Amino acid sequence: MNNRILSILIVVAIIIVGGVWYFKTQKPAEQQAAAPAASTTMAPAATTTAPATTAAPAAATTTTQTAAAPAAGPMAGKSLKIATEGAYAPFNFVAPDGSLQGFDVDIANALCAHMQAKCEVVKQDWDGMIPGLLANKFDAIVASMSITDERKQKVDFTNKYYQIPAKFVAKKGANLTISKDGLKGKTIGVQGSTIHENYLRDNYGDVATIKPYDTQENANLDLAAGRLDLVLADKVALGEGFLKTDQGKDFEFVGPDLSDRKWFGDGAGIAVRKGEADLLKGLNDAIAAIRIDGTYQKLEQKYFAYDIYGSPGT
């Protein structure tokens with residue numbers, strides 16, 4: 001019996017000693033196993049911190065973009081109709097696909113984009129431009145219309161968006177002198193209801209036959225066909241739209257550049273109805289903006305190899 005109890009005590013002692021040894025050996029292992037856990041915890045913390053640091057420039061970029069975007073003006077979201085002629089290349093013309101194209105059209109679209117307005121460019125015969133505007137057929141005219149005192153009695157104009165002189169074109173070798181004696185008995189073509197017609201009638205109407213046309217294109221056709229001695233129009237329109245074509249290859253500029261404000265005004269502007277203060281301001285602000293941001297220059301270079309805006313302040 002005593003031996004049996006002794007044996008039991010020995011077994012219990014062995015178990016106790018074994019348990020103590022087991023727990024002592026496992027504690028360092030647990031601590032070692034815990035170390036990666038601590039490292040894993042730190043890694044996400046570092047990862048969380050890194051995106052936070054990266055996000056700072058993104059926030060700054062967003063702020064900058066928002067600040068650079070044009071503020072919504074009074075015309076934002078408005079629907080506008082813009083009239084142009086479609087017969088005064090390269091400023092406005094009808095492309096083979098029937099669409100309206102040209103510098104005037106591109107300028108109109110650029111101004112509408114800056115104003116955040118929804119615009120439709122529509123075709124209108126020259127003679128009906130101002131009457132159509134006053135009859136609310138459209139909201140503005142972007143058609144190379146010169147700013148003159150006479151027109152300002154009926155409509156309001158924006159600041160100019162370009163300014164170039166007028167000039168005569170005649171057959172090469174005609175040796176014409178631009179004077180009353182030199183033009184005596186000559187037939188001069190011109191687009192009707194324009195500043196150019198006014199100039200011709202005031203200065204040469206008593207010595208020459210002044211023949212008005214519904215479009216500059218038709219005047220050029222008659223010059224090429226020999227039915228006219230000269231035509232008078234915008235220098236760029238004649239240079240780019242006639243002299244550089246096959247039809248105009250046998251013709252040339254004659255005489256001086258003509259820019260007297262009495263007849264030729266203060267450059268080409270956009271006409272709107274009187275009292276349309278928000279539209280007038282929106283267009284003026286947009287003209288200034290596209291000249292500052294380079295949009296104007298890109299459109300200009302698309303059609304011309306030189307600056308047509310004119311001297312600053314003129």
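In this predicted model, helix H2 meets helix H9 through Ile107, Ala110, Leu111, His114 and Met115 on the H2 side. On the H9 side, the partners are Gly282, Leu283, Asp285, Ala286, Ile287, Ala289 and Ile290. Sorted by class, this contact between H2 and H9 has nine nonpolar, two polar and one charged residues. A pair of packed helices can be described by the angle between the two axes and the distance between them. For H2 and H9, which spans residues 277–292, the axes come within 9 Å and cross at roughly 105°. Angles of 65 to 115 degrees count as roughly perpendicular, and H2 and H9 are therefore roughly perpendicular to each other.

H2, which covers residues 103–115, also packs with helix H10, made up of residues 295–303. Here the angle is about 160° and the axes lie 10 Å apart. Anything over 145 degrees counts as roughly antiparallel, so H2 and H10 are roughly antiparallel to each other. The crossing of H2 past H10 is right-handed. As for who touches whom, H2 brings Phe103, Asp106, Ile107 and Ala110, while H10 brings Thr295, Tyr296, Leu299, Glu300, Lys302 and Tyr303. By class, that makes six nonpolar, one polar and three charged residues in the contact of H2 with H10. Ile107 and Ala110 turn up in the contact with H9 and also in the contact with H10.

Gln116 sits in the loop between H2 and strand S5 (118–123), and its phi is near 60°, a positive value in a residue other than glycine. With a relative accessibility of 34%, Gln116 falls between the 20% and 50% cut-offs and so counts as partly exposed. Asn136 also has a positive phi without being a glycine, with a value near 65°. The loop that holds Asn136 runs between helix H3 (129–134) and strand S6 (140–146). Asn136 is exposed, because its relative accessible area of 54% is over the 50% cut-off.

Another backbone feature is found at Ala89 and Pro90, which are joined by a cis peptide bond with omega at about 5°. Pro90 belongs to the loop between strand S2 (87–88) and strand S3 (92–94).

Leaving out residues up to four places away in sequence, Phe251 touches Val169, Ala170, Lys171, Lys172, Leu223, Ala224, Phe242 and Leu243. One of these, Ala170, is 81 residues from Phe251 along the chain, yet the C-alpha atoms of the two are separated by 5.6 Å.

The chain as a whole can be summed up in a few numbers. Its secondary structure comes to ten helices and 13 strands. Of the 314 residues, 40% are buried. Among contacts with a separation of 6 or more, 70% are between residues 24 or more positions apart.

Methods
Residues are numbered from 1 along each chain as its sequence is written. This is a predicted model: local features need pLDDT of at least 70, side-chain atom pairs count only at pLDDT 80 or more; totals for chains, interfaces and linings use all residues. Side-chain values use heavy atoms; hydrogens and water are left out. Axes are lines fitted to C-alpha atoms, for helices over the stretch in contact, and angles run from 0 to 180 degrees between N-to-C directions. Helices (H or I, at least four residues) and strands (E, at least two) are DSSP runs, numbered from the N terminus. Angles under 35 degrees count as roughly parallel, over 145 as roughly antiparallel, 65 to 115 as roughly perpendicular and the rest as oblique. A crossing is left-handed if the near helix is turned anticlockwise from the far one by less than a right angle, and right-handed if clockwise. Contact means heavy atoms within 4.5 Å. Ala, Val, Leu, Ile, Met, Phe, Trp, Tyr, Cys and Pro count as nonpolar, Asp, Glu, Lys and Arg as charged, and the others, Gly among them, as polar. Buried means under 20% relative accessible area, exposed over 50%, partly exposed in between (1.4 Å probe, protein chains only).
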